[in-house]
Amino acid sequence: MNTTKHLWAGAVAAMVSRTFVAPLERLKLEYIVRGEQKNLLELINTIATTQGLKGFWKGNFLNILRTAPFKAVNFYAYDTYRKRLLAISGNKETTNFERFLAGAAAGITASILCLPMDTIRTKIVAPGGEALGGVIGAFQHMIKTEGFFSLYKGLVPSIISMAPSGAVFYGVYDILKSAYLHSPEGRKRLQNMSQGQELNAFDQLELGPMRTLLYGAIAGACAEAATYPFEVVRRQLQMQAKATKLSSLATCVKIVEKGGVPALYAGLIPSLLQVLPSAAISYFVYEFMKIVMEVD
């Protein structure tokens with residue numbers, strides 16, 4: 001039961017955060033998948049003119065189907081690995097190395113389990129994807145034309161990306177959290193929380209609402225900036241047909257040859273604009289849901 005609650009806390013965090021930042025996610029995909037050359041304001045105007053307001057939430061339901069299980073597994077795996085490493089080491093508190101290691105392992109675990117849905121979503125959003133007939137249609141098309149393992153296109157760069165991303169995301173957040181809780185202000189807050197007074201869910205957050213949002217945003221921005229080129233390569237790999245498929249390294253070289261090193265950071269600004277609120281809301285909702293659902 002505790003595992004189910006834990007997974008649901010992560011899933012709800014993903015649903016809320018992704019829906020909130022769906023327009024920014026759409027802009028990021030336009031730059032990465034379609035190679036959009038327009039500036040940000042021109043692209044916003046084009047989508048609004050041609051597809052209306054709902055165009056900014058195109059693919060959001062599919063995105064939730066992908067990110068909800070991913071975040072659920074990711075959060076749960078991190079907490080599980082961190083606690084396991086703490087038990088093995090016998091320390092009173094998790095070390096920074098253990099935090100980074102648990103984060104990396106959590107990223108790899110979630111990537112392996114959830115990559116197929118991400119591949120299908122990328123296929124649907126790409127040019128001509130509308131003709132595939134949704135999730136089921138895209139799934140059947142890929143299995144029929146490219147085989148089952150086409151669902152795992154980009155697995156290697158995905159793992160290479162998510163391992164350091166998970167390490168940085170969870171590591172930075174926990175380091176910031178630990179530093180605050182060991183500060184005079186943090187110790188005073190914990191002392192006040194333990195005095196037996198009835199506290200609502202917001203007041204039970206160890207960092208408090210604003211600091212939870214802030215630390216989540218900082219952790220998300222650090223993780224995104226550190227691993228963004230891997231994300232670009234992975235998306236391009238997912239777009240390739242089986243007959244002309246290149247290796248991860250060859251794909252990276254091709255991107256650089258075509259657009260230079262900056263091409264590896266195409267869409268980074270809208271991506272960071274998306275990640276800041278997404279990571280902040282995600283961690284906040286996750287911590288909040290663990291309190292509401294009484295996760296141990």
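Predicted model: local features only at pLDDT ≥ 70, side-chain atom pairs only at ≥ 80, totals over all residues.
Ground rules. I took local features only at pLDDT of at least 70 and side-chain atom pairs only at pLDDT 80 or more, while totals for chains, interfaces and linings use all residues. Residues are numbered from 1 along each chain as its sequence is written, and side-chain values use heavy atoms, with hydrogens and water left out.

Entry: α6 and α8. I looked up helix α6 (residues 155-181) and helix α8 (residues 209-239), whose axes come within 8 Å and cross at roughly 170 degrees. Helices here are DSSP runs of H or I with at least four residues, numbered from the N terminus. Axes are lines fitted to C-alpha atoms over the stretch in contact, with angles from 0 to 180 degrees between N-to-C directions. The crossing makes α6 roughly antiparallel to α8, a term for angles over 145 degrees.

Entry: the largest core. I noted 27 residues in the largest nonpolar core, where Phe169 and Tyr283 have the most contacts. Such a core is a set of buried Ala, Val, Leu, Ile, Met, Phe, Trp, Tyr and Cys residues joined through side-chain atoms within 4.5 Å; buried means under 20% relative accessible area with a 1.4 Å probe, protein chains only. The helix that gives the most to this core is α10, with 8 residues.

Entry: Tyr283. Beyond its neighbours within four places in sequence, I found Tyr283 in contact with Phe75, Phe169, Tyr170, Tyr173, Thr212 and Gly216. Contact means heavy atoms within 4.5 Å.

Technical notes. Helix = DSSP H or I, 4+ residues; strand = E, 2+ residues; numbered from the N terminus. Parallel < 35°, antiparallel > 145°, perpendicular 65-115°, else oblique. Buried < 20%, exposed > 50% of the residue type's maximum accessible area, 1.4 Å probe, protein only.
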